[in-house]
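Hi everyone, thanks for coming. Let's have the chain up on the screen before I start.

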Amino acid sequence: MKIRILYFALLRDALGRAQEELEVPEDVTTVAGLREWLRGCGEPYATALGNARRVRAAVNQEMAEPDDAVKAGDEVAFFPPVTGG
């Protein structure tokens, strides 16, 4: 399934991109599952997304918890707990 992923602030800097569309395995069904799948893709994802307490998420522009569902066509944003100033 295809998911659009956005990265903000330090995550964008660490990954060297603000967004990407990825083909994600069908068994990735939650925000936490997506994060873990990305970490399993190796560097720089493993380091950037490594600390779950330092990464928040939104699905389709709504704040999301780790066990919230993701599905084909969703937009998932990852960002640090505090952005902007």
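I'll go through the overall fold and then the largest pocket.

A quick word on the basis: this is a predicted model, where local features need pLDDT of at least 70, side-chain atom pairs count only at pLDDT 80 or more, and totals for chains, interfaces and linings use all residues. Residues are numbered from 1 along each chain as its sequence is written, and side-chain values use heavy atoms, with hydrogens and water left out.

So, the fold. The chain has three helices and five strands, counted as DSSP runs (H or I, at least four residues, for helices; E, at least two, for strands) and numbered from the N terminus. Along the sequence they follow β-α-β-α-α-β-β-β. Buried residues, meaning those under 20% relative accessible area with a 1.4 Å probe and protein chains only, make up 36% of the 85 residues.

Now the pocket. On a 1 Å grid over the protein atoms alone, a pocket is an open set of points where a 1.4 Å probe fits, with protein on both sides within 12 Å along at least five of seven lines; lining residues have an atom within 4 Å of a point. The largest pocket has a volume of about 180 Å³, that being the space filled by probe spheres set on the points, which are joined across faces, edges and corners.

Which element gives the most to the lining of the largest pocket? That is α2, with three residues. β3 (56–59) and β4 (62–64) each supply at least two. Among the lining residues are R35, R56, E65 and F78.

By class, the lining has nine nonpolar, no polar and three charged residues. Here Ala, Val, Leu, Ile, Met, Phe, Trp, Tyr, Cys and Pro count as nonpolar, Asp, Glu, Lys and Arg as charged, and the others, Gly among them, as polar.

Methods. Buried means under 20% relative accessible area, exposed over 50%, partly exposed in between (1.4 Å probe, protein chains only).
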